[in-house]
Amino acid sequence: RTEQNMGPFPYERDVLSKGIEKLSQLGAREILLKLFLDTNTDKSTDKQLADSFKTIPVTLQARIDDKQRKANPLLPEHKLSKEFILKSSIRGDSGWLPIIGFSQNAKAVGFIDSIYPAYFVETYQDDAVGSLYFHALESIYGTKIVLKGNQLYLGNIEIMLNAKSEYNYDWIPHLQYEHISFIDIMQSRVSADRVAGKYVILG
């Protein structure tokens, strides 16, 4: 329905910024923006989107790609401490990283280089970085992931990694999550009780 009304995804950045602001007004707790923002477009709409990140915590996505000749820099606040560098994690020296204007206003930058198995920590330019899984679970559970020995813990929950630092999980196809059409957000047809306090994936 959204594409029938607004054309094919992805949308201009001023449109995304308005959607983020509306989600903030509805009381969403946090947003995971599930698209890559590694290139500049129009300065005014880029700024508008970056400014919208000040209204609500936003996690942006990145990925490692050593074919990328010149990557945007990764700000120090989006790196993990050195102790998180795990053996045999995904590694690289370049990739698709958000432009500075976006990353400096973002709560976190999460790397996504594998859907299954999942990686919680990757290594980018010799620095440990959190994956989208890492940052999403910290936000959803409201606690920090810590490293004890070679294992990760989310509060009292042990994240069972194999020898390659991979996390293997079972899909639960019958578990349904609520989906809201973006057009309904844009046209203010969504009640606050459907969004308030929730972690929202926008993409």
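This is a predicted model: local features need pLDDT of at least 70, side-chain atom pairs count only at pLDDT 80 or more; totals for chains, interfaces and linings use all residues.

**Exercise 1.** Classify the pair formed by Tyr11 and Phe182, and state which parts of the chain it ties together.

*Solution.* The ring centres of Tyr11 and Phe182 are 6.1 Å apart, and the angle between the planes is 10°. Planes under 30 degrees apart count as stacked, and the pair is accordingly stacked. Tyr11 belongs to the loop between α1 (2–6) and α2 (13–25), whereas Phe182 lies in helix α6 (residues 182–186), so the contact ties together parts 171 residues apart in sequence. Both Tyr11 and Phe182 are buried.

**Exercise 2.** Classify the pair of Phe120 and Tyr133, locate both residues, and determine whether Phe120 is buried or exposed.

*Solution.* The centres of the Phe120 and Tyr133 rings are 6.2 Å apart with the planes at 40°, so this pair is tilted. Phe120 is in the loop between β5 (108–111) and β6 (121–124), and Tyr133 is in helix α5 (residues 132–141), 13 residues apart. With a relative accessible area of 4%, Phe120 is buried. Tyr133, at 22%, is partly exposed. Ring pairs also join Phe120 and Tyr133 with Tyr116, Tyr167 and Tyr169 in a cluster.

**Exercise 3.** Identify the ring over which the charged end of Arg63 sits, and the ring whose face Lys148 lies over.

*Solution.* For Arg63, the ring is that of Trp96, with the charged end 4.6 Å from the ring centre. For Lys148, the ring is that of Tyr153, at 5.1 Å from the ring centre.

Terms used:
Residues are numbered from 1 along each chain as its sequence is written. Side-chain values use heavy atoms; hydrogens and water are left out. Rings of Phe, Tyr and Trp (its six-membered ring) pair if their centres lie within 6.5 Å; planes under 30 degrees apart count as stacked, over 60 as edge-to-face and the rest as tilted. Helices (H or I, at least four residues) and strands (E, at least two) are DSSP runs, numbered from the N terminus. Buried means under 20% relative accessible area, exposed over 50%, partly exposed in between (1.4 Å probe, protein chains only). A charge sits over a ring if NZ of Lys or CZ of Arg is within 6 Å of the ring centre and within 35 degrees of the ring normal.
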